[in-house]
Amino acid sequence: MATTLNILLSPSNNTQIQRVFSSSSSSPKFLSLRTHFPTVGFNKLLCATSPIFSPTDATHYEFNDDSSEIELRLELGDESISPGQVFVDANDNSLLIRVERSGYTKTLLDTNSLYGMIKPSETIWYIDDAQLVVNMKKQDSSLKWPDIMESWESLTTGVIQLLKGTSLFLVGESTEINYKIARELAVGLGYTPLSTKELLETYTKESIESLAIKEGYDAVAEAEGVILESLSSQARAVIATIGGSPGAARSSNKWQHLFAGFSLWLSQSDATGDNCSSEFF
């Protein structure tokens, strides 16, 4: 049994997480994330994706989630528009709405990233004064939709529903990237960002590099393991772990400390554009 979800890590819609939540109790629950970082620095996450909402003009809409049904109301701006001038194409996770008038076609909404899955065959629409009303049946009535489409705000709200306070552990080759992503996620989720590197350095009053030279990688991993154990009871936190060889996560016998939350594996990628998302599949 697995729960799936999509996450965008920043309001600029630049980074995407591969969606896998494993419910197995014998191994940590992993998400896999790939990002592209420019060589000039780590101040931006660059991973091009297709726009999830592309109206030709600014479109005003009202949205309501009534348990098993979604109601979408879009302003037509003209009470004289007839049903024959309206085109609505609904699929499991996409919605296209166009209106023909004055000899041209206007796109009111075009998205391939609805917040959840719908039942296309049960979609109905009608015109109410100067509004187009579209009613859609959800495939999962238990999932609360905060908005009609995926966005930074709606996805973080949805993830909060699923996490229910469960902490996240970020694991990857780069300690710096782990913490940068932890801060981004913490802001969106309303969680506390924590770094095992900072905690260990504060306690020992030495840098990780210095500890590794003096004591060896295994000693650093053991020390981080103790910190992870103490954080395993921490709720509502995004915990960035030490990356690479010194990190405790490189040893499977330290994974038991990650069982208390979801673990996100961060993998750095040089892919850009369409190649970025295709690497997940």
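Residues are numbered from 1 along each chain as its sequence is written, and side-chain values use heavy atoms, with hydrogens and water left out.

The average pLDDT (the predictor's confidence in each residue, from 0 to 100) is 77 for the protein, and 75% of the residues score at least 70. Residues 1-58 remain under 50 in pLDDT, and the model has 138 contacts (heavy atoms within 4.5 Å) beyond four places in sequence for them. The pLDDT is also below 50 over residues 276-281, a stretch with 12 contacts beyond near neighbours in sequence. Where pLDDT is low, predicted coordinates should not be read in detail.

Helices (H or I, at least four residues) and strands (E, at least two) are DSSP runs, numbered from the N terminus. Helix α4 (residues 208-215) and helix α5 (residues 217-231) have axes that come within 7 Å and cross at roughly 125°. Axes are lines fitted to C-alpha atoms, for helices over the stretch in contact, with angles from 0 to 180 degrees between N-to-C directions. On the α4 side, Ile 208, Leu 211, Ala 212 and Glu 215 meet Tyr 217, Ala 219 and Val 220 of α5.

Salt bridges (a side-chain nitrogen of Lys or Arg within 4 Å of a carboxyl oxygen of Asp or Glu) number 7. In one of them, the closest N and O atoms of Lys 137 and Glu 69 are 3.3 Å apart. This pair links distant parts of the chain, with Lys 137 in strand β11 (residues 131-138) and Glu 69 in strand β6 (residues 69-75), 68 residues apart. Lys 137 is partly exposed at 28% relative accessibility (buried means under 20% relative accessible area, exposed over 50%, partly exposed in between, with a 1.4 Å probe and protein chains only), and Glu 69 is partly exposed at 25%.

Glu 206 pairs with Lys 214 in a salt bridge at 2.9 Å between the closest N and O atoms. Glu 206 is partly exposed at 24%, whereas Lys 214 is exposed at 56%. Glu 71, Arg 73 and Asp 128 are linked in a network of salt bridges.

How values were computed: This is a predicted model: local features need pLDDT of at least 70, side-chain atom pairs count only at pLDDT 80 or more; totals for chains, interfaces and linings use all residues.
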